[in-house]
Amino acid sequence: MSTAPAVSDGLREEADGEPTGPRRRARHQLLTWSRRLALPFGSLLLFLLSWEAVAASGARSETLAPPPAKVWDAFIDVSTTHDGVRGYNGTYLVEHLGISPQRIAFGAGIGIVLGVLFGLVMGTIGWVRSLLEPWITFLRTLPPLAYFSLLIVWLGINEEPKITLLAVAAFPPVAVATTTALAAAPRHLREAARALGASRREVIPDVVLPSALPEIFTGVRLAVGVAYSSLVAAELVNGLPGIGGMVKDAANYNNTPVVLIGIAAIGISGLVIDGLLLWLERTVVPWRGHT
């Protein structure tokens, strides 16, 4: 008895009108990306509609809850020259936003470098960890405003107290993350390296540090977030130009639209920086999640 030749799965799918394997994967990827884009944009649209509904209801005054259109007008004003006024307080929004990340990069960068160095020492030398860990924990629990006034007394009202505040705020998360990551490095990897002839000094850079890098990057991301949350505090005194100083100055005059613009600018720039840090982490630590 003769039988019809077997039909491959791809041909059968085409005969049935269904996409083949590669086409199915492409369609699946397209749907995945569409869903990833639709969810945040959908939530943003829902937020704007809810905001407009609250503003239109009159339950809150426009000073407390300005409508989105008024905030948009304020955004145009602080981004352009209007009525002879250049941006906000003589500086465009993009210029305010450019100065604050420079302070973050410099201040948080100092704190991150010091945090990694202290963490490396504390994670490898037990008595140093016992000596310094309580002080770092004490510093980590302090809110920035608790010592900012003291920094102003010591360092004046120029850039020095702002940079120092951001550095002090960024230091503890990185130091703690680095110390914990080094202490938690798999013992069997150390023993395997020693069995293969590696010295104690070679084990740390070749085995312990690579295994700790993912957690160190997590500490760096946390440190940048803490520094950003300290930005307004760092720019409380003589913070103009600067996005935090703009928010503080606008709040003094109940200029809520400009306050909202500043908050949104800080949040969006923070998302961009965090995305860049994630990209850097995937580039430097490609083995994260695969060990």
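This is a predicted model: local features need pLDDT of at least 70, side-chain atom pairs count only at pLDDT 80 or more; totals for chains, interfaces and linings use all residues.
Helix α4 spans residues 93–124 and packs against helix α11, which comprises residues 243–252. The axes of α4 and α11 lie 7 Å apart and form an angle of about 120 degrees. The two helices are therefore oblique to each other. On the α4 side the contact is formed by L93, H96, L97 and S100, and on the α11 side by I243, G244 and M246. Four of the residues in this contact are nonpolar and three are polar, while none is charged.

A further contact of α4 involves helix α5, residues 126–141. Here the axes are separated by 6 Å, and the angle between them is about 130 degrees. This arrangement makes α4 oblique to α5. From α4, the residues F118, V121, M122 and T124 take part; their counterparts in α5 are G126, V128, R129, L132, E133 and I136. By class, the contact of α4 with α5 contains six nonpolar, two polar and two charged residues.

The loop between β2 (85–86) and α4 contains T91. With a relative accessible area of 12%, T91 falls under the 20% limit and is therefore buried. Apart from neighbours within four places in sequence, the residues in contact with T91 are V78, R86, H96 and P241. Of these partners, H96 also belongs to the contact of α4 with α11, and V78 is one of the buried residues of helix α3.

Helix α3 extends over residues 68–79 and has 12 residues. The distance from its first C-alpha to its last is 16 Å, close to the 16 Å expected at 1.5 Å a residue. Within α3, the residues P68, V71, A74 and V78 are buried. Viewed down the helix axis, the buried residues of α3 fall within an arc of 115 degrees, so they line one face of the helix.

Helix α12, residues 256–284, includes G275. The relative accessibility of G275 is 32%, a value between the limits of 20% and 50%, so this residue counts as partly exposed. G275 and R221 are 54 residues apart along the chain, and their C-alpha atoms are separated by 9.8 Å.

Notes:
Residues are numbered from 1 along each chain as its sequence is written. Side-chain values use heavy atoms; hydrogens and water are left out. Helices (H or I, at least four residues) and strands (E, at least two) are DSSP runs, numbered from the N terminus. Buried means under 20% relative accessible area, exposed over 50%, partly exposed in between (1.4 Å probe, protein chains only). Contact means heavy atoms within 4.5 Å. Axes are lines fitted to C-alpha atoms, for helices over the stretch in contact, and angles run from 0 to 180 degrees between N-to-C directions. Angles under 35 degrees count as roughly parallel, over 145 as roughly antiparallel, 65 to 115 as roughly perpendicular and the rest as oblique. Ala, Val, Leu, Ile, Met, Phe, Trp, Tyr, Cys and Pro count as nonpolar, Asp, Glu, Lys and Arg as charged, and the others, Gly among them, as polar. The expected span of a helix is 1.5 Å times one less than its number of residues. The arc is that of the directions from the helix axis to the C-beta atoms.
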